[in-house]
Structure formats: structure tokens, C-alpha cells
Amino acid sequence: RRRLRLTSPADPATRATERASDSLRTFNQAILVIRWVTTVLSVALAAPGIQDGDTRLAAATAAIVALTAFRSVRPLRYGQELGPLLQVLAEAALTIIAIVSTGYWDSPLVFSALTAVAVAGFARGFGFGIRVAGLAILAVTLPWMLEGSSGDDEMRTSLQWSAEVLLVGVVAGYARRINGEAEERQSLALDRLGRLSDANTLLFQLHQVTQSLPASLDLEEALDTTVAQLSDLFDHDTMAILLYEESDQRWHTARRQGTRPPARMTADGLPP
């Protein structure tokens, strides 16, 4: 983390490293909005029951509010380690426990399940989001049915909430996929821009060499000046300037540094 802070945020490699270390970084604002919207709805729906003295509902509501406040200060980070995965699952489990203990799908805290599923979808995409949504649906629906709540109204409520929870998981996973594709296209564009910039710099430097060649017609002076200017512009191990002589149709080595090419070469004998 210290190295990431010291690196320029405009560096594409740095942004790629940050995304790899925290896949939820891009979605922190969206997750924060979802958390507070679902929490406010849950508190509003739970307020009448709390006023009637339902201590279990009050405790569960307090736990949801505390989790939202804590994650507002310390957003969840998701990387390749096992710890972040356990945190996502623990948050989903806490939400499910709060819902089950306060009335299953009739619980006023049922909206908080959407946050846990959305976080899972943003973290790892479609598969993980749908799996967490499926586990949440089973964890709430099966106990509710085992308690005898299997009437038409209960079945309709279960189906409605199951569809909504699955839809949130799909939407979150799709948003993550779109974001990944956009970042990939941006990375390709930056790479192409960098290559164009390097090519432009090289052309400019070569242009400087040609513009600064001496106006003198003395070939030896022109060769010496060219070698000196190229040495100032480029780091190199070897350099050779070959001049074509029409009389014998061969290339003659006029200047060399760091290498010993033949004094005369035919076109077939030139280095690749």
C-alpha cells in the first residue's frame, strides 16, 4: 500500500495494481448509496415494531445500522486473499440472521439482503452474486416454510423477494463486467497512446539530428558531427555509419564505435 501511495495515480500500471488488490474500489460509492438507502428503508419499516417494544427487532435493526455506519467509515476491500471473502460471507450471514429472526420475508429488514447480494456481485461477478443470492433465498425461505407459512400469500411473497434478490445479483455482476471491459479498452488505448508518443519522440530526435547537421560540404566534418550528436541523443553499445559508393557498388564503413564491421560490404553482406 505504501508503494502504491508513492506511485503517481496517473500511472496505468498503478491503477491496474490497485484494481487487482481491491475489486470493490470502483464501486465504493454505489455500495455506500445502496447501504444507506436499504438501511433507511429498514429503519422506517421497523420503527412501528420497535415502538411496540419488540426487543428482537430493535437489536437486529441496531446491528444493521451499526454495520452500515462501520462500512461507511471503512469500506469493504476485496482482493485475492481469503480474509475479504470471509468478510463478504459474514456480512451476508449477519443480514440473513437479522431477517430470519424478525419475520423472514415479512421482516421489515428484508431490504438489507439486497446490499449483501450487491456487494457479492460487485466483488466477483455473476457467479458469486447469484450463489450468494441463492443461499440467502434458501436460508430465509426454507425455515419459513418449515414453520408452516406455506399459504398462497407466503408463497407469493417468497417468489417476489427471491426474484428481486436474484435480479440484484445479476445487475451487480453485469455492472462489474461492463466496468471491466471499459477498463480493458482504456488500458489498450493508453498503451497505443504510449507507443505513438515514443515513436513521435524518436522522430523528433532524428529530425533534430538532420536539422543540426553542419552546412559545410566537408564530409569528414559532417560525419564527426553526426556521430557526436547521435551519441548525445541515444544510449548505444555500437554505432556504424555506412556510405554507399557507386563506383564499386559497395557500402564503405565511414565511422564506427564499439564494433568492427568490414571496411567494404555488398548489399547482401549488410547486417540485418
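**Close-up views of a predicted model**

**View 1. Glu91 and Arg35 pair up.** Glu91 and Arg35 form a salt bridge, with their closest N and O atoms 2.7 Å apart. A salt bridge here means a side-chain nitrogen of Lys or Arg within 4 Å of a carboxyl oxygen of Asp or Glu. This pair joins distant parts of the chain: Glu91 sits in helix 5 and Arg35 in helix 3, 56 residues apart. (Helices, H or I with at least four residues, and strands, E with at least two, are DSSP runs numbered from the N terminus.) Both Glu91 and Arg35 are buried; that word means under 20% relative accessible area, while exposed means over 50% and partly exposed is in between, using a 1.4 Å probe and protein chains only. Arg71 comes in too, as Arg35, Arg71 and Glu91 are linked in a network of salt bridges.

A word on what you're looking at: this is a predicted model, where local features need pLDDT of at least 70 and side-chain atom pairs count only at pLDDT 80 or more, while totals for chains, interfaces and linings use all residues. Residues are numbered from 1 along each chain as its sequence is written, and side-chain values use heavy atoms, with hydrogens and water left out.

**View 2. The largest cavity.** The structure holds 2 cavities of 30 Å³ or more, and the largest has a volume of about 80 Å³. To find a cavity, picture a 1 Å grid over the protein atoms alone: a cavity is a set of points where a 1.4 Å probe fits but cannot get out, and lining residues have an atom within 4 Å of a point. Grid points are joined across faces, edges and corners, and the volume is the space filled by probe spheres set on the points. Among the lining residues are Arg35 and Glu91, along with Thr38, Thr95 and Ser112. Helix 3, helix 4 (55-73), helix 5 (82-100) and helix 6 (112-124) are the elements that each give two or more residues to this lining. The lining residues divide into 3 nonpolar, 6 polar and 2 charged. (Ala, Val, Leu, Ile, Met, Phe, Trp, Tyr, Cys and Pro count as nonpolar, Asp, Glu, Lys and Arg as charged, and the others, Gly among them, as polar.)

**View 3. The second largest cavity.** This cavity holds about 40 Å³ of space. Its lining includes Ala92, Thr95, Ala116 and Val132. Helix 5, helix 6 and helix 7 (126-146) each give two or more residues to that lining. The residues here divide into 7 nonpolar, 1 polar and no charged.

**View 4. Ser42 in helix 3.** Look for Ser42 in helix 3, which covers residues 28-51. Ser42 has a relative accessible area of 1%, so it counts as buried. Setting aside neighbours within four places in sequence, Ser42 is in contact (heavy atoms within 4.5 Å) with Pro108, Leu109, Phe111 and Ser112.

**View 5. Arg255 and its partners.** Arg255 meets Glu220 in a salt bridge, at 2.5 Å from N to O. Arg255 lies in strand 2 (residues 250-257) and Glu220 in helix 9 (residues 219-233), so this pair ties together parts that are 35 residues apart in sequence. Glu220 is at 42% relative accessibility, so it counts as partly exposed. Arg255 also meets Asp224 in a salt bridge, at 2.9 Å from N to O. Asp224, too, is partly exposed, with a relative accessible area of 43%.

Definitions and conventions. On a 1 Å grid over the protein atoms alone, a cavity is a set of points where a 1.4 Å probe fits but cannot get out, and a pocket is an open set with protein on both sides within 12 Å along at least five of seven lines; lining residues have an atom within 4 Å of a point.
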